[in-house]
Amino acid sequence: MKNNVHLFSKVGLALVLLAAAPAHAQVRLPRLVSNGMVLQRDAPVRLWGWAAPGEAVSVAFQGKTYRATTGPDGQWRVQLPAMKAGGPYEMKIDASNHQVVKDILLGDVWFCAGQSNMELPMRRVRDKYPQEVATANNPRIRQFDVPMRYDFRGPKADVSGGAWVALSPETVLGFSAVGYFFAKEINAKYQVPVGLIKVAVGGSPAEAWLSADALKQFPKYEAQVAPYRDSAAVAGIKQREGAAVGAWYQHLHQADQGEQPGQPKWSSSGYDASAWATMNVPGYWADQTPLGMVNGVLWFRKEVEVPAAMAGQPGRLELGTLVDADSTYINGQLVGTTAYQYPPRKYDFGPGVLKAGKNVVTVRIISNGGRGGFTKEKTYQLTAGGQTLDLRGPWQYKLGATTPPTPGTTTFQYQPGGLYNGLVAPALPYALKGVLWYQGESNVSRPDDYLALTTSLVKDWRTHFQQPNLPFLYVQLANINAAKKEPGESNQAKVRDAQRRLLALPRTGMAVISDVGEWNDIHPLDKQTVGHRLALVAEKVAYSDAKLVAEGPLYQSSKTAGSQVALTFGSVGGGLVAKGGGPLGGFTVAGADKKFYPATARVEGSKVVVSSPQVAAPVAVRYAWSDNPENANLYNKEGLPASTFRTDDF
């Protein structure tokens, strides 16, 4: 007993002494400050981290030591002077512990933000750029892929994960495709390391990227986010919505006649589908069948004669894109599944799937709420053993289950301010060369706000990054949707015009890509042209190459004389041309009645003169004013397209 009391006294004394002793916290670094990082050359560099309040911290780098003491909040900061490009280097950080950050490069750091077209990885375009993937071996190009995170209570101190990754044929698949092509050109031209910090989030609207300070200018967005500052309320919404969606899918599975227990599965190769109806693929069942705009599950089957040379070979099934989700089988074997409509269906399978003779491809499509089916003008084929079978044409189909649309859910990452707090704020001390911004699709339904939102965003980020002249380079929206013959209104064009007007801010640059899109895909595959055009504007705006023609023709002014309007352009370069050598297209004019008609247009020096026999007294001109301005062909001789514009404010 005596011994136990003595032991207790020792333990108790130790605990008291521990409680009375000053707290020591090991120095901790933000995730961005880690092995393989790229620091900005030729500019002061801020480094930061955390330790115990009042703790002394020293940072040793390139033969010099920088000292700091943590404040009451436990944070420390040091500032390194501007340094030339180079590396790799090591950095040593000492406090109550010792840390070494290895393989550091000094070069140019670009903050890659926006939505899915910036996020889209090289993996999605590897078939278009196989040589790029195979030869992407440059350790002086690096990416930090920041995991998606949002917060409504305030700015986060650190990102939630990620690491600096050097470019190689293995890692390139995870690089932003736009970022990769941009970085490759910048590295080649200036021979400096390039670091990409990728924070893009698919579907994110501009207001999600604004700080609380900036949101004060937009009361409706402030009001929109107010309920989500209550964490308990957010958790409750997630629980309720998740349960409703789960119940929807459970009901769908139970109701699906193609998967009923005790009956032959409709996915099995031996199932008798002779009584099923047929429709042509690609296409939408609302257009081709008596079903109309039905939601639920539809099953599709196609019998394919496979030659002996393809049998037993590994292969790939390509099914364009499907609306919305699918599970796909060959001869009863599941070869792929995708949960939403946008990813291309490219399902690779092994050697045990195909057989000589009749094979059956079965696709179970879930339509969540709208026009279900197979996207037109995409690739539908089966490839193996060096041979390809075309899968377009008649397919059999049968309705498995009908349901109401999927219950709605709250996309919290799209709410105002959330992504600023979660993704931008943690990076603010990091010195940047500039911002690459590819966003706008998610604001097309509200185009009238877009110029104010993005103007605020540029100023907001420059303020918070403490870089008032931070280059802000962005991509104008691509052409999308089926082309229309008659002039009309277009929210897509309104956003493109707002993006053009953003150029009024100093040290901004815009890559026009209205000739790069695909009418049937919001994610066009040609990311090389996008990266190249961003690199051109970077060379002019961020690297001060004043002589470079970096953009296509930009509308400046108009002058009316009788029935003709003369339009003046900047960024003419070697001269204005109609691409392809035919007549200029894409121009429309209107009189006082505000009704637009197609215009004839011709180049006269650095001007374009437009007119229409239907408009005797023109008061307004528009160019490329549609979702998909396929006949808009005004370029400069450097091969860069003119931006959408309008002279009116109707």
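Biologist: Which residues is Asn 331 in contact with, leaving aside its neighbours within four places in sequence?

Modeller: In this predicted model, the contacts of Asn 331 beyond those neighbours are Ser 269, Val 353, Leu 354, Lys 355, Asn 359 and Val 360. With Asn 359 there is also a polar contact between the two side chains, at 2.7 Å.

Biologist: Where does Asn 331 lie, and is it buried or exposed?

Modeller: Asn 331 belongs to the loop that joins β16 (325–330) to β17 (333–338). For burial, one compares the relative accessible area with a cut-off: under 20% means buried. Asn 331 has 13% relative accessibility, so it counts as buried.

Biologist: How should I read Val 225 in the same way, as buried or exposed?

Modeller: Val 225 has a relative accessible area of 1% and is therefore buried. Its place is in helix α6 (residues 219–225). Leaving aside neighbours within four places in sequence, Val 225 is in contact with Phe 152, Gln 415 and Pro 416. As for separation, Val 225 and Pro 30 stand 195 residues apart in sequence, and their C-alpha atoms are 28 Å apart in space.

Biologist: What span should helix α7 have, and how far apart are its end C-alpha atoms?

Modeller: The expected span is 1.5 Å times one less than the number of residues. Helix α7 (residues 231–255) has 25 residues, so it should span 36 Å; its end C-alpha atoms are 36 Å apart, which agrees.

Biologist: What caps the N-terminal end of α7?

Modeller: The cap is Asp 230, with a side-chain oxygen 3.0 Å from the backbone nitrogen of Ala 232.

Biologist: Which residues of α7 are buried, and what do they pack against?

Modeller: The buried residues of α7 are Val 234, Gly 236, Ile 237, Glu 241, Val 245, Trp 248 and Leu 252. They pack against three strands, β13 (296–306), β19 (357–367) and β23 (393–402).

Biologist: How many residues of helix α11 are buried?

Modeller: In α11 (residues 491–501), 8 of the 11 residues are buried, and the helix is mostly covered. Among the buried residues are Gln 492, Arg 496, Asp 497, Gln 499 and Arg 500, as well as Ala 493, Val 495 and Ala 498.

Biologist: What covers these buried residues of α11, and what is found at the start of the helix?

Modeller: The cover includes helix α10 (450–464) together with β25 (472–475), β26 (508–511), β27 (554–561) and β36 (645–646). At the start of α11, a side-chain oxygen of Ser 490 comes within 3.3 Å of the backbone nitrogen of Gln 492.

Methods:
Residues are numbered from 1 along each chain as its sequence is written. This is a predicted model: local features need pLDDT of at least 70, side-chain atom pairs count only at pLDDT 80 or more; totals for chains, interfaces and linings use all residues. Side-chain values use heavy atoms; hydrogens and water are left out. Helices (H or I, at least four residues) and strands (E, at least two) are DSSP runs, numbered from the N terminus. Buried means under 20% relative accessible area, exposed over 50%, partly exposed in between (1.4 Å probe, protein chains only). A polar contact is a pair of N or O atoms within 3.5 Å; within protein, one must be able to donate a hydrogen and the other to accept it, and residues adjacent in sequence count only if both atoms are side-chain atoms. Contact means heavy atoms within 4.5 Å.
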